[in-house]
Amino acid sequence: QVQLVESGGGLVQAGGSLRLSCAASGRTFSSYAMGWFRQAPGKEREFVAAVAWSSGIIRYGDSVKGRFTISRDNAKNTAYLQRNSLKSEDTAVYYCAARRGTTAADPSLYGSWGQGTQVTVSS
């Protein structure tokens, strides 16, 4: 298994910026992908973005494309999720996930999950 730890969440003012980190350990990430999901209260878990670890191929969720940026640092086994101009609708628990293979939007395809980090956007 891959162990994942998210960080960077917290209370952010609307219009502010967000940068989350996901540190992975336990395995190398060749042929793996790292994804970000979020879940708002009362809603289903939503795909945000994913990046293939070796190729750098990136996939974004349709609802957030152009609003979030995903990146990774292979040497640090760390993925990042960034967005400026946050809205109240971005309030959610953000989860980092990893899977063997390339990017995927279906959360059921990911085998390793972090505990999640709360992002609250105030107004």
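Reader: Let's start with the strands: over how many bridges do β5 and strand β6 (residues 58-60) pair?
Author: This is a predicted model, in which local features need pLDDT of at least 70 and side-chain atom pairs count only at pLDDT 80 or more, while totals for chains, interfaces and linings use all residues. Residues are numbered from 1 along each chain as its sequence is written, and side-chain values use heavy atoms, leaving out hydrogens and water. Strands are DSSP runs of E with at least two residues, numbered from the N terminus, and two of them pair if DSSP finds at least two bridges between them. For β5 and β6, which run in the antiparallel sense, the count is three bridges.

Reader: Which residue is the bridge partner of A50 in β6?
Author: β5 and β6 form a hairpin with five residues between them, and G56 in the turn has a positive phi of about 80°. Across this pairing, the bridge partner of A50 is R59.

Reader: How many bridges join β5 to strand β4 (residues 32-39)?
Author: These two strands also form a hairpin, with six residues between them, and G42 in its turn has a positive phi of about 75°. β4 and β5 run antiparallel, and the number of bridges joining them is six.

Reader: Why is strand β5 (residues 46-52) described as largely enclosed by the rest of the structure?
Author: A residue is called buried when its relative accessible area is under 20%, exposed when over 50%, and partly exposed in between (1.4 Å probe, protein chains only). Strand β5 is largely enclosed because, of its seven residues, the number buried is six.

Reader: Which two residues form the disulfide?
Author: A disulfide is a covalent bond between the sulfur atoms of two cysteines; here the test is a pair of cysteine sulfur atoms within 2.5 Å. The structure holds one disulfide. With sulfur atoms 1.9 Å apart, the pair is C22 and C96.

Reader: How many residues apart are C22 and C96?
Author: Their link is left-handed, with -80° about the S-S bond. It joins distant parts of the chain, from strand β3 (residues 18-25) to strand β9 (residues 92-100), and the two cysteines are apart by 74 residues.

Reader: Are C22 and C96 buried or exposed?
Author: Picture the two ends of that link. Both C22 and C96 are buried.

Reader: How much space lies in the largest pocket?
Author: On a 1 Å grid over the protein atoms alone, a pocket is an open set of points where a 1.4 Å probe fits, with protein on both sides within 12 Å along at least five of seven lines; lining residues have an atom within 4 Å of a point. Points are joined across faces, edges and corners, and a volume is the space filled by probe spheres set on them. The lining includes R38, E46 and T91. The space in the largest pocket is about 160 Å³.

Reader: How many residues of that lining are charged?
Author: Asp, Glu, Lys and Arg count as charged; Ala, Val, Leu, Ile, Met, Phe, Trp, Tyr, Cys and Pro as nonpolar; and the others, Gly among them, as polar. The lining divides into two nonpolar, two polar and, for charged residues, five.

Reader: Where is T91 found?
Author: T91 touches residues including A40 and V121, leaving aside those up to four places away in sequence; contact means heavy atoms within 4.5 Å. T91 is found in the loop between β8 (78-83) and β9.

Key. Helices (H or I, at least four residues) and strands (E, at least two) are DSSP runs, numbered from the N terminus.
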